[in-house]
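Visitor: Could you walk me through this one, with a focus on the aromatic residues?
Guide: Gladly, let's look at it together.

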Amino acid sequence: MSNQVRTRFAPSPTGSLHIGGARTALFNWLYARKHGGAFILRVEDTDKARNKADAHAGIYSGLKWLGMNADEGPNEGGDCGPYNQSERQEIYEKWFQKLVTAGRVYEDDGAWRFRFDRKPVTVTDLVCGEITIDYTDESINPDMTVKRSNGDFVFHFVNVVDDIEMKMTHVIRGEDHLMNTPKHLQLYEAFGVEPPKFAHIPLILNPDGSKMSKRDQGAALKEYTTHGYLPEAVNNYIALLGWSPKGDKEIFSMSELVENFDLDSVNRSGAKFDIEKCAWVNQQHLLALTPDQFAGAALPYVSEAGLPIGENYTQIAASVQKKVRLLSEVPAQIAFFTDADYPFDAEVVAKVKKNDQAATLLEKLTANFSALTDWSEAKATIGSTAKENGAKPGQLMFPTRVALSGMSGGPDLGVILEILGQEESIRRVQRAVSELS
């Protein structure tokens, strides 16, 4: 076995990458990076009936988006290839002949079965501890088929052969594979090869405790790109599904995840997925961006919404950086800046109209705005105008926000006034007076 830590992610290209697969890849990638090792991508594409060409591409695009570069794989090459199982038939035949020579397989109706040693087999797992399966009773654990009558080798056989050939030191995979591992250990023993270390990570569960399927909310990785999550935030959140870092820290950059990750802190029990928590983690990552970075990250969503990108786009986008959890929320939050005929929210207008003084106060504000020679005093002028007319500042602040944006929430009023400028701000307040009248 190699002295270098070698881990692998071995997906089947039968559909788009999902969050469970992404987390398995992440744990393997983090462990390899933490120990200066290699992360290998191996594609288990022997199921010809279910394989899809676009799923191959989806695995790669998903890992690329998440920032998990493979050191070896179908596209990267390497010394242990080919990395698509469909191209490894000769290798499997060679290892199968070793079992034939050793008398560990026999033919049964055209298929070939592996002869189990009739003894207890104990898995020492880095997460789950010791698990023992007793193979003494053949009626409970019959000999395992390793080669079908059509010549295809089964998952258990090719999985072990590939891990041997690719010099895996650690197999980090979902807990649903735990009970397969004693079978795999018997194969390693039959081949006379020391097995890798195993770590079976907890399943991802829905909020109700049921096992998450590919169709559940939050399962498909493409949901995260569509809704405007940062890849760093997705990695951060899925790392916390089953891994408990020391201390209270929850927000990690990729380099911090590498530094802090260890298998000792992976939990035994299932991890419940919480889309709200995931969005909160994303918000923390958005807040950590510079205004330029935030505007750049939001740009694809703003462009897709058809909003014009002007010289002051960065300032406009950054005005809502503290207001959004997802980048997909940015277009709706900033649309009013570039839309001269921005719509007024009917519920919000009704709320403003409950204040009998609103229209009058806005008319007074228009006059005071027009008289300003220093536009940086515009926000302060809202408060002073309210006081001059026997009102509290809040009684005019809210109507002014609605007048300028058509909405009840959004960026700081001072920022809105600064971006819109004096002439446009006055025009908008006058338009609102007409709306309220």
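Visitor: Which residues form one aromatic cluster?
Guide: Welcome to a predicted model, where local features need pLDDT of at least 70, side-chain atom pairs count only at pLDDT 80 or more, and totals for chains, interfaces and linings use all residues. Residues are numbered from 1 along each chain as its sequence is written, and side-chain values use heavy atoms, with hydrogens and water left out. Rings of Phe, Tyr and Trp (its six-membered ring) pair if their centres lie within 6.5 Å; planes under 30 degrees apart count as stacked, over 60 as edge-to-face and the rest as tilted. The cluster is made of Tyr92, Trp95, Phe96, Trp112, Phe153, Phe157 and Phe191.

Visitor: How many aromatic pairs does the structure hold, please?
Guide: One of them joins Phe96 and Trp112, with 5.5 Å centre to centre and 85 degrees between the planes, which is edge-to-face. The total is 16.

Visitor: Is Phe96 buried or exposed?
Guide: Buried means under 20% relative accessible area, exposed over 50%, and partly exposed in between (1.4 Å probe, protein chains only). Trp112 is partly exposed at 23%. Phe96 has a relative accessible area of 3%, so Phe96 is buried.

Visitor: What is the angle between the ring planes of Tyr224 and Tyr229?
Guide: Tyr224 is buried at 1% relative accessible area, and Tyr229 is buried at 6%. Their ring centres are 5.0 Å apart and the pair is edge-to-face, with the planes at 65 degrees.
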